[in-house]
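Thanks, everyone. I'll keep this short, so please look at the screen.

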Amino acid sequence: MKNLRSIILPVFIAWIWISLCEFGRNQLWLIAIWTKHYENMGLQFPTEPVNGAIWGLWALIFAILISIISKRFSMRDSTAITWFFSFVQMWLVIGNMKVLPVEILTYAIPLSLIETWVANWIIISLRDKLNR
């Protein structure tokens, strides 16, 4: 039971952290940029609850990825690997689809690095503490 808790609780807390970061950055702080970009394409920026649920699922998968990768790599390497495979890959895909407002990267790159580092720190430190 102790071992299961040391896996689930860190992932859950990191999932909450990631979700709050993503919501704050994209739905509160950068919403005007997203909305304008979508309007310029003749589209409406998706803000329905189902879109939030999908982002919540993305955040959970990201937290699980961090949990798995951080068991085998250092904090620095785990942060780099998980950031690259979660954010850089996403930006390449949505950039290729022309739905990425490139100007957000000025904010999104440093903030997503911090988000990823903190999520790694949460998972690693909490897992270590719970396994003592």
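Helices (H or I, at least four residues) and strands (E, at least two) are DSSP runs, numbered from the N terminus. From the N terminus on, the protein chain reads α-α-α-α-α. That comes to five helices and zero strands.

A word on the source. This is a predicted model, where local features need pLDDT of at least 70, side-chain atom pairs count only at pLDDT 80 or more, and totals for chains, interfaces and linings use all residues. Residues are numbered from 1 along each chain as its sequence is written, and side-chain values use heavy atoms, with hydrogens and water left out.

Overall dimensions next. Taken along the principal axes, the C-alpha atoms fill a box of roughly 55 × 30 × 20 Å. Contact here means heavy atoms within 4.5 Å. Take the contacts between residues at least 6 apart in sequence: 80% of them join residues at least 24 apart.

Now the surface. Accessible areas come from the Shrake-Rupley method with a 1.4 Å probe; for residues, only the protein chains shown count as cover. The chain's accessible surface is about 8,100 Å². Carbon and sulfur atoms hold 71% of that. Buried means under 20% relative accessible area, exposed over 50%, and partly exposed in between (1.4 Å probe, protein chains only). Of the 132 residues, 39% count as buried.

On to helix α3, residues 49-70. The expected span of a helix is 1.5 Å times one less than its number of residues. α3 has 22 residues and reaches 31 Å from its first C-alpha to its last, close to the 32 Å expected. Its buried residues include W58, F62, I66 and I69.

Which residues make the nonpolar surface patch? They are F23, L28, W29, Y107, L111 and I114, and the patch is about 620 Å². α1 (2-29) and α5 (105-130) each give two or more residues to it. Like charges are joined within 9 Å, nonpolar side chains (Val, Leu, Ile, Met, Phe, Trp, Tyr) within 5 Å. L28 sits in helix α1. L28 counts as exposed because its relative accessibility is 58%.

Last, H37, in helix α2 (residues 31-40). Buried or exposed? H37 has 18% relative accessibility, so it counts as buried. Leaving out residues up to four places away in sequence, H37 touches K98, V99, L100 and P101. The H37 side chain reaches the backbone oxygen of K98 at 3.2 Å.

Key. Patches are made of residues with over 30% relative accessible area and no salt bridge: like charges are joined within 9 Å, nonpolar side chains (Val, Leu, Ile, Met, Phe, Trp, Tyr) within 5 Å. A salt bridge is a side-chain nitrogen of Lys or Arg within 4 Å of a carboxyl oxygen of Asp or Glu. A polar contact is a pair of N or O atoms within 3.5 Å; within protein, one must be able to donate a hydrogen and the other to accept it, and residues adjacent in sequence count only if both atoms are side-chain atoms.
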